[in-house]
Amino acid sequence: MNTKYIFVTGGVVSSLGKGIISASIGKLLQARGYKVTIQKFDPYINIDPGTLNPYEHGECYVTVDGMETDLDLGHYERFTGIRTTRENSQTTGKIYQAVIDKERRGDYLGKTIQVVPHITNEIKARIKANATREHFDFVITEIGGTIGDIESAPFMEAIRQLRWEMGRNAINIHLTYVPYLRAAGELKTKPTQHSVKELQSMGIQPDILILRTEMHLEKGLLQKVASFCNVEPDCVVQSEDLPSIYEVPLNMQKQGLDAAIIRKLGEEVGPTPEMKAWRSFVDKEKNATEELHIGLVGKYDLQDAYKSIRESLSLAAVYNDCKAKLHFVNSEEITKDNVSERLAGLAGVIICPGFGQRGIEGKLSAAEYTRTHDIPTFGICLGMQMMVIEFARNVLGYADANSSEMAKTTHNVIDIMEDQKNITNMGGTMRLGAYGCDLEDGSKVRSIYGAQHIEERHRHRYEFNNAFREEYEAAGMKCVGKNPESDLVEIVEIPEKKWYIGTQFHPEYSSSVLNPHPLFMDFIKNIK
């Protein structure tokens, strides 16, 4: 079959869940045997979210090929199990940079560069790029932002042109919000009507409408929206608030969203897939009653800042027949005097990743407390580095031990690699994407993974200083995972503890609904 293109846009307000809807559509089409990919086009001018504060944009998700991307790509991967690449994440900044670079090289032969056609042509080329390198049955493209935003106008024009060029091979799915006015006791469709009108003013008629709502919408209201927005009645579906985001694909399937998409794109609909494995997961999630209280020690008091970690813990908990109750513990507020109080009642602790000086002393106090009280602890990236520094200070006896990111010291147990020291571009000094790691025979992590060689994704600048490796090993902190090419330490563990493991990489990026990550699975198993 020819590649089919699905454009997902949003209206009325932001944060409606376009990423969850896009991921759900991908999962439903995948369940029917189609090969899909999902990509995000963001209107902001940053090249990528790599230098954005997590308070601005939530976590920065990293693809296997080392692209720093929007957190929605995490949803895409967790729902579908596909592995996204840098081609799946585009921004206005990347697109304008590419066009300006071409202009400087003279590629446009002296032409005046304009939004139309030069910017829109670049957007169109990038929308189609994935399918030119590899055949996909469906390419789902989520457009960030909200209809009417000035930044998204070139994307809307590009979509308008593509739908005209592709005919029945492209559709638009528009997600809007239906608010409930409590004082009047009424659900209001007028914002949706205005949003569709705005989309139509750009030359785009939505093929399918998804109505985001906090309350169930009756059939009459759905028919009213269909009539006023020129959309077929069976192409108006609702996305109600649900206990879990992982119920969304099943809710969409129940309303026939995948069938409507396939029919609109001119393909045979066929029987509805059972999705047994997915339903089994959702049932386990609903039936889990035991609660595990887990602390996230970090400095960003925002759920989305640690989105993939939170989801990885939740997924692993479900497969261990329990619920992960996650408690954010602000590391800026932890001291040696109050650490026992702040971590009281927690079955396990995650020492979270991050960058910069702020909050690290609290993380060090947490690492010391959990190590000395044998509380299962999982340090991720900077979290692992905090474990290493704490061990140097309190076991090896180096009171001034630190990372060269934080301070100048003679005991820089965490240091930047020699070949990175002369690079000044912030994005140029990091180890990004998937790197290999050999696991030591007889180690805890070797038994957890059940493999000798693994590959995991990185996003960091500083490394374990190998000059101190022998001292750590002799004192009981084992360097059990190493990169085979560079000999850099990837994993540390203290075997005598119940569960005390730090990883330089980010295992949370590789956890999905049907394949939860083994480290998170084992962590949960050991704190039940």
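Visitor: Which residue in E21 is the bridge partner of aspartate 438?

Guide: Strands of a sheet pair through backbone hydrogen bonds, either parallel or antiparallel. In E21, the partner of aspartate 438 is lysine 482. E18 and strand E21 (residues 478-482) run antiparallel and are joined by 2 bridges. Two strands count as paired if DSSP finds at least two bridges between them. Helices (H or I, at least four residues) and strands (E, at least two) are DSSP runs, numbered from the N terminus. This is a predicted model, in which local features need pLDDT of at least 70 and side-chain atom pairs count only at pLDDT 80 or more, while totals for chains, interfaces and linings use all residues. Residues are numbered from 1 along each chain as its sequence is written, and side-chain values use heavy atoms, with hydrogens and water left out.

Visitor: How many bridges pair strand E18 with E19?

Guide: Strand E18 (residues 431-439) pairs with E19 over 8 bridges, in the antiparallel sense. Within this pairing, cysteine 437 stands opposite isoleucine 454 in E19.

Visitor: In what order do the strands of the sheet lie?

Guide: The order is E13-E12-E14-E15-E23-E22-E21-E18-E19, an open sheet of 9 strands with mixed pairing. Strand E13 (322-330) and strand E19 (453-460) are the edge strands, each pairing on one side only. On average, neighbouring strands of this sheet are turned by 30° against each other, direction ignored. Axes here are lines fitted to C-alpha atoms, for helices over the stretch in contact, and angles run from 0 to 180 degrees between N-to-C directions.

Visitor: Do E15 and E23 run parallel or antiparallel, and how many bridges join them?

Guide: Strand E15 (residues 377-380) and strand E23 (residues 500-503) run parallel, joined by 4 bridges. Phenylalanine 378 stands opposite isoleucine 501 in E23.

Visitor: Which strands does helix H15 lie across?

Guide: Helix H15 (residues 382-394) lies across strand E14 (348-351), E15, strand E22 (489-493) and E23, and runs at about 115° to E15. In the loop between E15 and H15 lies cysteine 381.

Visitor: Is cysteine 381 buried or exposed?

Guide: A residue is buried under 20% relative accessible area, exposed over 50%, and partly exposed in between (1.4 Å probe, protein chains only). Cysteine 381 is buried, because its relative accessible area is 4%. Not counting residues up to four places away in sequence, cysteine 381 touches Pro353, Arg459, His460, Thr503, Gln504, Phe505 and His506, where contact means heavy atoms within 4.5 Å. The C-alpha atoms of cysteine 381 and tyrosine 462 are separated by 9.4 Å, although these residues are 81 residues apart along the chain.

Visitor: Where is histidine 75, and which residues does histidine 75 touch?

Guide: Histidine 75 is in helix H3 (residues 72-80) and is buried, with a relative accessible area of 6%. Leaving out residues up to four places away in sequence, histidine 75 touches Gly19, Ile20, Ala23, Ile245 and Lys307.

Visitor: How many residues does the largest nonpolar core have?

Guide: A nonpolar core is a set of buried Ala, Val, Leu, Ile, Met, Phe, Trp, Tyr and Cys residues joined through side-chain atoms within 4.5 Å. The largest has 59 residues, and those with the most contacts inside it are Ile6, Ile25, Leu29, Phe138, Ile208 and Ile261. Helix H1 (residues 18-31) contributes the largest share of this core, 6 residues. Apart from this core lies another, of 39 residues, among them Leu343, Ala367, Phe391 and Leu396.
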